[in-house]
Amino acid sequence: MSAAADFVVVANRLPVDRGDDDADPWRRSPGGLVTALEPVVRSTGGAWVGWAGQPGLEIEPFEFDGVHLVPVALSAEDIAQYYEGFSNDTIWPLYHDVIAAPTYHRTWWEAYVRVNRRFAEAAAAAAGDGATVWVHDYQLQLVPRMLRELRPDLVIGYFHHIPFPAYGIFSQLPWRTQVLDGLLGADVIGFQRVADAGNFARAVRRRFGYETRAGSIRVPTDGGHRTAVAKAYPISIDTASYEELARRPEIQARAAEIREELGNPGAVLLGVDRLDYTKGIRHRLKAVGELFDEERLGAGDATLVQVASPSRERVAAYMQLRDEIELAVGRINGDHDTMGFTAVRYLHHSYPREEMVALYLAADVMLVTALRDGMNLVAKEYVASRVDGGGVLVLSEFAGAADELTQAVRVNPHDIEGLKDAVMTAIEMPAEERRRRMRALRRRVRDNDVAAWSARFLGDLRAVREGRA
Ligand code: GDG
C-alpha cells in the first residue's frame with residue numbers, strides 16, 4: 001500500500017504523538033486538522049507523511065488506526081534550523097506583518113531546503129500513479145515544486161494556515177523567489193482569507209510577471225503553461241464535537257464549578273492562546289488592567305482567565321514574551337487583588353479539551369485580540385460551545401475569523417481605548433442582543449465546519465484531476 005496511496009497528506013507533524021509505553025507508543029494527537037483529514041485519509045487507504053515529534057527518531061512507515069503513517073526523521077540540528085529557526089523565527093514573524101523582527105540566516109535557509117526535499121521525497125515515494133497530495137503550511141512551502149519535479153503525474157494541493165503578507169513585507173525575504181516558485185508547484189494554493197490569496201497573486205505578478213485573473217494564475221511550463229488556482233478556503237472546526245461536549249451534564253457542572261472557584265465574579269472574561277506574540281495577550285492585559293486602574297471595573301466585577309499554553313519555548317522571542325506577560329499579570333494582580341478576588345487568573349498550562357469547553361461555557365466574554373492570525377480557531381470553538389446561546393465574542397479584525405464572524409464585537413487591539421470600550425460593551429450587553437448575535441455566529445460555524453472546508457478544497461483538487469483525465 002505504501003507505494004500506491006491515492007491520497008497523501010504532507011504536514012510537518014504526523015497525526016500521532018509518541019508516549020512512554022514502548023509496547024503501545026502511539027497516541028492520536030488532538031487537533032482540528034487531524035479530525036478533518038484523518039477520515040479522508042482512512043477512507044481512501046491513504047498515507048500521511050510527517051515528523052513524529054522527537055529528534056533523531058528513525059522509524060519505518062507503520063499503520064495506525066487504518067492510516068498509513070510515513071515518518072520523516074529530523075535530527076536535533078534540523079529541528080533547530082528548519083523548524084525553530086527558519087519556520088518559526090524567519091517565516092512566522094515575517095508573515096505576521098513583522099510583529100517581531102524576523103531573523104535571516106543562510107544556514108537556516110539551507111536546512112529548510114534540505115528538510116523540504118526530504119518531505120517531498122517521502123511523499124513521492126508514498127503516492128501512487130496520478131495520486132492527489134495535499135501539503136500543509138508554512139514549514140513546507142518548497143514541497144509543491146519539488147514534488148512536481150519528482151512526480152509530474154500528481155495532483156498537488158497546498159494549504160497555508162497563516163497569513164500571507166503584503167508584497168512590501170514579503171519582499172524582505174532574501175529567498176522570496178524560491179518560496180513563491182515552491183508554492184507555484186501546486187495546482188491549488190489555499191489561503192485563509194481573500195486578502196491573503198490577493199497578496200500572493202500580487203507577489204507572483206510583481207516577481208514573475210505572470211498573468212493572474214480571479215484567482216487563476218497562468219504558470220509557464222516547458223511546453224506552454226498550466227493554471228494554478230490561488231483562493232481562500234477559511235478553515236474551521238469540528239463543530240458537532242464541541243456541541244456534543246458542551247451538552248454533557250458533567251461539563252456544564254464543571255463550568256458552574258469554575259465560576260464558583262473564581263468567587264463568582266460579575267463577569268468571567270476568557271483568553272485562550274498559545275503563548276505567542278501574534279495573539280495580542282499583552283494588549284488584552286493592558287486593556288483589562290487599565291479598566292481596573294480607572295475603576296471602570298472594581299474587585300468582584302470581573303476576572304480575566306488567561307490560558308496561555310506553552311509554545312516554542314526555545315525561541316528567544318517567546319522566552320521574552322513570557323517574561324513580559326508574567327510581569328504584567330503580576331502587576332495587575334498586585335494592584336487589584338484582594339484575599340478573595342483575583343483580577344487575572346493566569347494559567348501557563350495545556351488542558352484537556354473537556355476542560356477547555358467547560359471554560360468556554362463559564363466565560364461571559366471571550367477575548368480574541370490577535371494582532372495577526374491566519375484564522376483563530378479558538379473564536380470558532382467558543383461559538384460552537386455556546387449551546388446555551390449565551391456569551392459574547394470580542395474579536396480582532398486582524399484574525400481571519402473576522403471575515404466570517406461578523407456578529408462578534410469587532411476590535412482593533414492596537415487601539416487600547418477602543419479595546420477597553422469593547423470589553424465594557426461586551427460585559428454590559430443586554431441579554432437579547434447577546435442571544436441574537438450568538439445565534440448568527442453559531443449558524444456560521446455550523447454551515448462552515450471543518451468537513452465543509454476540506455470538502456471544498458478537495459473538490460477543487462478533484463476538478464484539476466478530472467480536467468487532466
Ligand atoms: C494556526 C494559525 C489557524 C490552545 N491551548 C490549548 C488548546 N489549544 C487549541 C485551541 C485551538 C488551537 O489550540 C489553536 O488554534 P488557533 O487557530 O487559535 O491558533 P494557532 O495554534 O496559532 O494555529 C491559526 C490555525 O493554524 C488553523 O489553520 O487558525 O491562525 O496560527 O484548537 O483550542 N487545546 C487544548 N488545551 C489547551 O491548553 N486541548
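Colleague: Which residue is the bridge partner of V365 in β17?

Modeller: In this predicted model, V365 has V392 as its bridge partner in β17. Strands here are DSSP runs of E with at least two residues, and helices are runs of H or I with at least four, both numbered from the N terminus. Two strands pair if DSSP finds at least two bridges between them.

Colleague: How many bridges join β16 to strand β17, and do they run parallel or antiparallel?

Modeller: β16 and β17 (residues 392–396) are joined by 4 bridges and run parallel. β13 also runs parallel to β16, with 2 bridges between them. There, M366 in β16 is the bridge partner of L270.

Colleague: Which way do the residues of β16 point, and are they buried or exposed?

Modeller: V365 and L367 point one way, M366 and V368 point the other way, and all are buried. Buried means under 20% relative accessible area, exposed means over 50%, and partly exposed lies in between, with a 1.4 Å probe and protein chains only.

Colleague: What do the buried residues of α12 pack against?

Modeller: They pack against α8, α9 (249–261), β13 (267–274), β14 (302–309), β16 (365–368) and α13 (377–385). Helix α12 covers residues 353–362 and is mostly covered, with 8 of its 10 residues buried. Among them are M356, L359 and Y360.

Colleague: Turning to T239, where is it, and what does it touch?

Modeller: T239 is in helix α8, residues 239–247. Its relative accessibility is 2%, so T239 counts as buried. Apart from neighbours within four places in sequence, T239 is in contact with A384, V445, R446 and D449. Contact means heavy atoms within 4.5 Å.

Colleague: And what about α16, which of its residues are buried?

Modeller: V450, W453, S454, F457, L458 and L461 are buried in α16. Seen down the helix axis, these buried residues fall within an arc of 110°, so they line one face of α16. That arc is taken from the directions from the helix axis to the C-beta atoms. On the other side of α16, E466 and G467 are exposed.

Colleague: What span does α16 reach?

Modeller: The 19 residues of α16 (450–468) reach 27 Å from first C-alpha to last, close to the 27 Å expected at 1.5 Å a residue. The expected span is 1.5 Å times one less than the number of residues.

Colleague: Where does A120 lie, and which residues does A120 touch?

Modeller: A120 lies in helix α3, residues 106–126, and is buried with a relative accessible area of 1%. Not counting residues up to four places away in sequence, A120 touches V143, M146, L147 and L150. A120 and L154 are 34 residues apart in sequence and 12 Å apart in space, C-alpha to C-alpha.

Colleague: Stepping back, how many helices and strands does the protein chain have?

Modeller: The protein chain has 16 helices and 18 strands. Of its 469 residues, 57% are buried. Its C-alpha trace spans about 70 × 50 × 45 Å along the principal axes.

Colleague: Which conventions apply to the numbering and the model?

Modeller: Residues are numbered from 1 along each chain as its sequence is written, and side-chain values use heavy atoms, leaving out hydrogens and water. Local features need pLDDT of at least 70 and side-chain atom pairs count only at pLDDT 80 or more, while totals for chains, interfaces and linings use all residues.
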